[in-house]
Amino acid sequence: MNESDMDVIHSKKHLRWSLTIICLILGLILTIIFALSIGPVDIPITTIFKILFRFPKSWPDSYGIIVMEVRLPRILLCALVGSALAVAGCAMQGLFKNPMASPYILGISSGAAFGASLAIVLGISIGTGVFAIPFMAFIFALVTIFIVYNIARAKGRVPMETLLLAGIAVGAFFTAQVSLMKYIAGEELRSIVLWLMGGFWASSWDKVAIAFPSILLGVGAIMFFSRDLNIMLTGEEHALDLGIKIESVKKIILIFASLVTAAAVAVSGIIGFVGLIIPHIMRIIVGPDHRILLPSSCLVGAIFLIWTDTLARTMIQPTELPVGIITASFGAPFFLYLLRKRKRITGW
Amino acid sequence: MKLNINGITFYFDNVKALDDVTFEVNGGEVIGVIGPNGSGKTTLLRCINLALRPKMGTVFIDGENILKLDRKDIAKNIGVVPQNSTIHFPFTVFDIVLMGRTPHLGRLDRETSKDIKIAKNAMKTTNTQHLSDRLIDEISGGEKQRVIIARALTQEPKILLLDEPTLHLDINHQLEVLELVKKLARKNKLMVVLVSHDLNLVNRYCDSLMLLNSGKIYSIGEPQEVLTQDNIKKVYKIDVEVNYNKKTKSLNIIPIHAIEDKL
């Protein structure tokens, strides 16, 4: 191979990355528009545009309320949560160099579930009204990661194996407390179970406002460390030799991955599968480089969760299914198909 | 150009692993570090680039105290080829080599054509250009070793640290890698510190040797001064025959038998 070839290949790679991102952004926009029109009341796409862009009013009052107050916040919340889980999962898998890693691997979900069940069963919360459950879930998620991190820390270093085991143990502890809450829940049992399954049925602009800042900040921060994550995949020793401050990078990524996970869980409950599988699917498609892997996982996570939630709310009208059931039921076969086609999961 | 290792002392918990190790390396010079298992060879390498922080002593690069440099600046000065280079992720060889530019790039910078040129030159030097598009987890051990050397060169370091670069390589590739290292030292005026277990190869390719025993320098100097029957007997606990080979202009160490410890 001669020299100019490598230049060409390198610039082609960046062009391909840019095209991928542009296509996925378009895909996300189309997804949002289609999802807005689909539901118990089908609203024509032209009307959706008119409502969104505040054309002179030519549609029934109810359409405006359905689109702006019911569907749009729900869809945006799906997009936020999908992005958050996919990016956090991707970061955790990269950090732990472990294909089984998910955003919940350090017990964050169990901690959040305990916080939520405290609010649901015992009515203990520092927030009120619509904020009661999300606030408790969010705070307990962060408390969990704080405990896990400090247990695992020794002499200013955080060995990943210790972190993993500490996460599993602390998670198990909180899972037991959630079981206790369920046991004494009485009439509230159904509320806890539904929260644990995860879903977007109680979406509102308030929840979008709660989740948005943390997720935007966290996702942005994680992407800022894409190159460091790449190099850490080749081994911590290599990363150190290439000038990466591995301990502080690990800490920063853990903090922000936990922050976005906590925000996602707080507003939607525990939605499985997205954070585990979307990064794997994208690794198969775009490769292991986090500079493209993270943004594309982010966008595909959003698209995927919007579509699965659209199915969840329309499949068995007039009622709806928990979205977690749909994410795994449709996502798992698709993932298995990719797995078979490629014969091996890229990178593990 | 000069690398001064000055009184390095290192403890693992309470166990002393390095004891007052002092030596210097000049530009273009290859120094080989030998010694039995657990004598502190790898620890010494890791202390030189502050991957491990010595309890006492420091390292001067051209008179500059390394303790005053941050990790990025250290990586601009010191390239490392570690012992274990198992990379399970399907990065292309070119991606891996280009990672050597990391210490020179800001977090959001893209690699410029200058960076690509440096990476390409490193690949030319190490004869890995043809592997450019191959995946790092699908090439042979010898190829991978050369790729990691290419990556270290892409850092444009003044100092190259190699930890058993010939481990797991066949005889052909062992010679190839060491010849490359020596050539690089001469051509780029690199200061090279190389850890190895292979006494025959190391004395052939290194300008000087350092024999470590329990974290202390037992002997340092020209290969003939260091690799004596006596020294090897005391440090490695084996009887050896040392011959001079006219063809390779180096010493041949032939192990005779191990000396059993009298209890």
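1. Does Ser109(A) count as buried or exposed? With 30 C-beta neighbours inside 10 Å, Ser109(A) counts as buried. The cut-offs are 20 or more other C-beta atoms within 10 Å of its own for buried, 12 or fewer for exposed, and partly exposed in between, with C-beta atoms placed from the backbone.

2. This is a predicted model, in which local features need pLDDT of at least 70 and side-chain atom pairs count only at pLDDT 80 or more, while totals for chains, interfaces and linings use all residues. Residues are numbered from 1 along each chain as its sequence is written, and chains are lettered from A and ligands numbered from 1 in the order in which they are written.

3. Ser109(A) sits in helix 4 (residues 108–122) of chain A; helices (H or I, at least four residues) and strands (E, at least two) are DSSP runs, numbered from the N terminus. Leaving out residues up to four places away in sequence, Ser109(A) touches Tyr104(A), Val265(A) and Ile270(A). Such a contact requires C-beta atoms, placed from the backbone, within 7 Å.

4. Helix 5 (residues 132–152) of chain A and helix 11 (residues 246–268) of chain A have axes that come within 8 Å and cross at roughly 155 degrees. Axes are lines fitted to C-alpha atoms, for helices over the stretch in contact, and angles run from 0 to 180 degrees between N-to-C directions. The two helices are therefore roughly antiparallel to each other; the classes are roughly parallel under 35 degrees, roughly antiparallel over 145, roughly perpendicular from 65 to 115, and oblique for the rest.

5. On the helix 5 side of chain A, residues meeting helix 11 of chain A include Pro134(A), Phe138(A) and Tyr149(A); among their counterparts are Leu254(A), Ser258(A) and Val265(A). This contact has 13 nonpolar, two polar and no charged residues. Here Ala, Val, Leu, Ile, Met, Phe, Trp, Tyr, Cys and Pro count as nonpolar, Asp, Glu, Lys and Arg as charged, and the others, Gly among them, as polar.

6. Ile151(A) also belongs to helix 5 of chain A. With 16 C-beta neighbours inside 10 Å, Ile151(A) counts as partly exposed. Ile151(A) and Ala141(A) are ten residues apart in sequence, and their C-alpha atoms are 16 Å apart.

7. In chain B, the axes of helix 4 (residues 113–125) and helix 5 (residues 141–154) come within 8 Å and cross at roughly 140 degrees. That makes helix 4 of chain B oblique to helix 5 of chain B. Ile118(B) and Met123(B) are among the residues that helix 4 of chain B brings to the contact, and Leu153(B) is one of those from helix 5 of chain B. By class, the contact has six nonpolar, two polar and no charged residues.

8. Chain B has nine helices and twelve strands. Its radius of gyration is 19 Å, close to the 18 Å of the globule rule for 263 residues, so chain B is as compact as a globular protein of that length. The radius is taken over C-alpha atoms, and the rule is 2.2 Å times the number of residues to the power 0.38. Of the 263 residues of chain B, 44% count as buried.

9. At the interface, 25 residues of chain A are in contact with 27 residues of chain B. Helix 1 (3–37), helix 9 (226–233) and helix 10 (236–241) of chain A each give two or more residues to the chain A side. That side divides into ten nonpolar, eight polar and seven charged residues.

Notes
Contact = placed C-beta atoms within 7 Å.
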